[in-house]
Amino acid sequence: MASARRRGIIAALCASAMMLSPAATVAQDAPPASVDLVNPLMGTDSSYELSYGNTYPAIAVPFGMNAWTPVTGKMGNGWGYTYSSHKINGFKQTHQPSPWMNDYAAFALLPMTGAVKAKEEERASWFSHKAEESRAWGYKVYLADYDVTTEIVPTERAAHFRFTFPETKDAHVLLDGYAGGSMVSVDPARRRITGYVSNNHGGVPANFRNWFVVEFDKPFTVSQTFDGSGTLTAGRRAEGDHVGAVISFATKKGEQVGARVASSFISAEQAQRNLDGEIGRDTFDQTRAKARAAWSAELDRIKVDDPDLDNRRTFYSALWRMLQFPREFHERGADGKLIHYSPYDGKVHDGPLYTDNGFWDTWRAVFPFFALMYPERDGEIMQGLVNTYKESGWLPEWASPGHRSVMIGSNSANLIADAYLNGVRGFDANTLYEAMVKNATTSEGRPRDKSGKVLSAVGREGVELYNQLGYVPYDVGINENAARTLEYATADFSLSRMAAALGKTDDAKKYAEHAQNYRKLFDPQSGWMRGRNKDGSWSTPFSPYKWGDAFTEGNSIHYSWSVMQDVQGLIDLMGGDQKFVARLDSVFSTPPIFDDSYYGQVIHEIREMQIVDMGQYAHGNQPIQHMIYLYDWAGAPWKAQYHAREVMRKLYSAAPDGYPGDEDNGQTSAWYVFSALGFYPVTPTVGQYAIGSPLFRRTSVTMPGGKVLTIEAENNSRDNVYIQSATLNGAPYSKPWLSREALQAGGTLRFVMGPTPNKQWGTAKADRPFSMSAPGAVK
C-alpha cells in the first residue's frame, strides 16, 4: 500500500494533469478515464545503486519507433531523466530500452532565451515537478531560467513541439546532435533543420544513421552551429563527431512557436515522408488528440471498476509502460508498405522489424500477454524475427537496435513457440523453427562485435557441452552456467512443443528429453540447484546465498524454481507437496543474507531484495517472479493468493518509486497487469494461466475479436484476498488455472473472496496445471 506521502505525490500529479488535460471538461463527478490515470513518472526515482524502475517519462504512442523524454542527466549517461534532479538540459528523441543498454540515435531540442548557451551543463534550466505535467500522451514543463513552457506530443515516428515564449528579442531553439557522429543543416527559407546522428552503444553496422527533419512554424532570422566544445559559429551547416544548430527569433509575450520533428533510419527523404504522413499540417492540438486517442484505444480494452483509485492508477500506468516495447523499427515507404533499415546487414528490406527488447525478461509475461491480447501484433513481431534471422543468420536475444551481448539463455524459443502454440499466425513458422534448432545445435558462426569478439548472448553459449553432458559445466570458463542449463532446458521444452505442432515427431521427442536436463543440476543434499563440473562432481564451495557465479543476477534460491515446464518433476525432486510448499515458504522466511563476492560489490538487484523485508524473495528481478504461482501445483493455492496480493500491495505504486527493481521493457509491469487480473502465465506454450488473487472488484477485458471477459470478485478488499469459490459462466470452477481458450471466449469469471483461506478450493491433484511429469501429460 502506498504511504501517505506517496499517495499525496500521485494525487498531486494526477490532479494537476487533469486541470491541464483536454479531458478537463468532463463532469467533476465522472470517473476518470483510464488514460487519465497513467503516471509516466512511475519508476523514475532511480539510480545506479538502487532501481525503483529505471524508467523515464516516455513521450510515445504504443510500440512507436521513437520516444521523447526530458533530459536531466549528462549526454551518454543511461540515467537520462531522474526524478530527484532539478535541471533539464534538453528534450531528446530516445530509443533507450534500459539505462544498462543506454541509448542510440539520440538528438535533443531545447528552447531558451537570452544569451545562447550550447554546452549541456551551462544551458540546463531549473524546473519543478509542480510545474511539470507528464501524461500518457504527452509532456509539459516550465523552464524557469528561460521563462519558457515546452509541450511535446508524439506519433509513431514524429513529434509535435509547442514552445510558449515570453516577450524577448532573443528567443532560440537549440538542436544538439550529441557526440558519436552528427550533421546539421539549417534552411531558413523552408524554416527547418535537417541532419543525422549516429551515436550508439553497439549493435549497428558502419552505415548506421538516424536522419531527422525539424520544421518550425515561425520564421527565424539568425542561425548558428556549434561543436562539442560549445563554440558557436555563424553558419548553416556543420558535420563532425558532435555538432548542433541554433535558430533565433523575436517573440511576443505568450507567443507559441511550433516545431514538427520526424526521423528515419532509412534516409532524409524517408524522414520527410514520415513527417508528412504522421503530422502533415495538423495543429498541435490535433496531434495531441490523436496521441490521446491512440492510448485510450489500447488502455480501454481493459476496464476496471473498483473503489481503490491508487490501485487503478498503478494498473494503468503499468499497462501503459508494457505497450511501449518492443519498438517498431520499420517505416512506411512511398507505396505505403512496410520497409526497414536492417541494423544487422545495413541494407533496406521489405517487411516489419521490431527492436529494443531483452527476451530474458519479456518471454515470461509480456509476450504471453501479446499472444493472448494482441495476436496480430504478435504475429508481426514474429515475422520481424524471421527478418532478423534472414538478415543476420541468428535470432535476437537482446536487440538494441541490433544484436547485443547481454544476458543469457535461448529465450527466443519460448516466445516463438508460445505464440504459435497459442494460435498466433501471420509469420513464417518454419523459418523460425529452423532458427530455433540452429540455436540448439551449434555455437559456431555467431555474430561478432567491432573488436571481433563473439557475441556470447546470441545463440547458446556452451551448447555443444550442454548437448553432450546435459548441462553447461561449471569449470570450463563459461560463467552463469547453471542458469544457462536451466534456461536451455525450458527452451528445449518450447522447441519440442513447436516441433510437435509442425509434425516433426522425432525432434519433438529429442527436445522433450532435453527439457528434463534440469534434473542434472538438482543437488539432493542441499535441495537446491547447483553448478556441476565437467567430470560430474558438484562445484565447491556451494552457498545458496551466492549471487552470480553459476547463476544470473540471482542465487540458487531464486533459480531453483526455473523449471516452468515440469513443476511436478521439481516437486518430486524436492520430496513431494508438503516439502515443496515448505521450501517455497522458506524463501519468504529466510533473512535476506547474501554473498556478493562474484560481483565484488552489492549490485542493485541484491539491495532491492534486501530492503523490502520479504526474505530471499527478489521480485525486482525476473528469475523468481513466477515462483509465487507454483503453490498452485502443490495443493496450496491460497498461499499463491496471499503472496500475489502482498507483492502488489507492498512493491508497486503509481509513484516515482513505484517499481520493486528494473522495469525491464514491460516485464515487471506485465507481472502486475496479469496478477491484478487474477492469473499469470508460468509454463510457455501450453496456454494456461495459474490463478492468484484478483485485485479489482470488476474488470472487463475485450479479447481479440471483440468478445468480453468479465472478471468479478465479490467481497474483494485489502483483507479479503482469499478465493472462497469460483464460477465460470455460471458453472462451478475448481481448477487453480485458466485456459487461453476460456479467456478468449469471453463470458463471466466470478470469484467470491474472503479473509481466510478456503483450503479445499483448487487443491485436487487432478485439477493442477500442466507439468511434463504429471500423469497423462502430453510430452
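In the predicted model, alanine 713 lies in strand S32, which covers residues 708–714. The relative accessible area of alanine 713 is 2%. Because buried means under 20% relative accessible area, alanine 713 counts as buried. Leaving out residues up to four places away in sequence, alanine 713 touches Pro694, Phe696, Arg697, Phe751 and Met753. Lysine 390 is 323 residues from alanine 713 along the chain, and the C-alpha atoms of the two are separated by 48 Å.

Asparagine 54 is placed between helix H1 (4–20) and strand S1 (67–71). Its relative accessible area is 8%, so asparagine 54 is buried as well. When neighbours within four places in sequence are set aside, asparagine 54 is in contact with Gly43, Ser46, Ser47, Trp79, Pro99, Trp100 and Asp662.

The protein as a whole was examined next. Its secondary structure comes to 20 helices and 36 strands. The radius of gyration is 26 Å, close to the 28 Å that the globule rule gives for 779 residues, so the protein is as compact as a globular protein of that length. Along the principal axes, the C-alpha atoms fill a box of roughly 80 × 60 × 50 Å. Of the 779 residues, 66% are buried. Among contacts with a separation of 6 or more, 70% are between residues 24 or more positions apart.

Two annotated regions were compared with the model. According to an unreviewed UniProt entry, the feature "domain: Glycosyl hydrolase family 92 N-terminal" is at residues 37–264. Over residues 37–264 the chain is 2% helix and 46% strand, and the end C-alpha atoms are 32 Å apart. The UniProt annotation "domain: Glycosyl hydrolase family", also from an unreviewed entry, covers residues 270–755. The span 270–755 is 40% helix and 13% strand, with end C-alpha atoms lying 59 Å apart.

An open sheet is formed by nine strands in the order S6-S7-S8-S9-S18-S13-S12-S11-S16, and the pairing is antiparallel. Strand S6 (132–135) and strand S16 (237–240) are the edge strands, each pairing on one side only. From one strand to the next, the twist averages 15°. Strands of a sheet pair through backbone hydrogen bonds, either parallel or antiparallel.

Individual pairings were then traced within the sheet. S18 is joined to S9 by seven bridges, and the two strands run antiparallel. Alanine 158 has alanine 262, in S18, as its bridge partner. S18 also pairs with S13 in the antiparallel sense, over six bridges. Here the bridge partner of phenylalanine 212 is serine 263 in S18. Eight of the nine residues of S18 are buried, so this strand is largely enclosed by the rest of the structure. Methionine 183 has glutamate 239 of S16 as its bridge partner.

Helix H3 (residues 268–278) touches strand S9 (158–164), strand S12 (192–197), strand S13 (210–216) and strand S18 (256–264). The direction of H3 makes about 130° with that of S18. Helix H4 (residues 284–299) touches strand S8 (148–154) and S9, and its direction makes about 50° with that of S8.

Other helices are mostly covered. In helix H9 (residues 412–421), nine of the 10 residues are buried. These are Ser412, Ala413, Asn414, Leu415, Ile416, Ala417, Asp418, Ala419 and Tyr420. The buried residues of H9 pack against helix H6 (359–362), helix H7 (366–373), helix H8 (375–392), helix H10 (429–441) and helix H12 (481–501). Just after H9, glycine 423 takes a positive phi of about 90°.

Helix H12, one of the packing partners of H9, has 19 of its 21 residues buried. At 1.5 Å a residue, the 21 residues of H12 should span 30 Å, and this agrees with its end C-alpha atoms, which are 30 Å apart. H12 is followed by glycine 503, whose phi is positive, near 80°.

Note on methods. Residues numbered from 1 in each chain as written. Predicted model: local features only at pLDDT ≥ 70, side-chain atom pairs only at ≥ 80, totals over all residues. Heavy atoms only, no water. UniProt positions renumbered as here; feature names shortened; annotations may be inferred. Helix = DSSP H or I, 4+ residues; strand = E, 2+ residues; numbered from the N terminus. Buried < 20%, exposed > 50% of the residue type's maximum accessible area, 1.4 Å probe, protein only. Contact = heavy atoms within 4.5 Å. Expected span 1.5 Å × (residues − 1). Pairing = 2+ DSSP bridges. Axes fitted to C-alpha atoms, helices over the stretch in contact; angles between N-to-C directions. Rg over C-alpha atoms; globule rule 2.2 N^0.38 Å.
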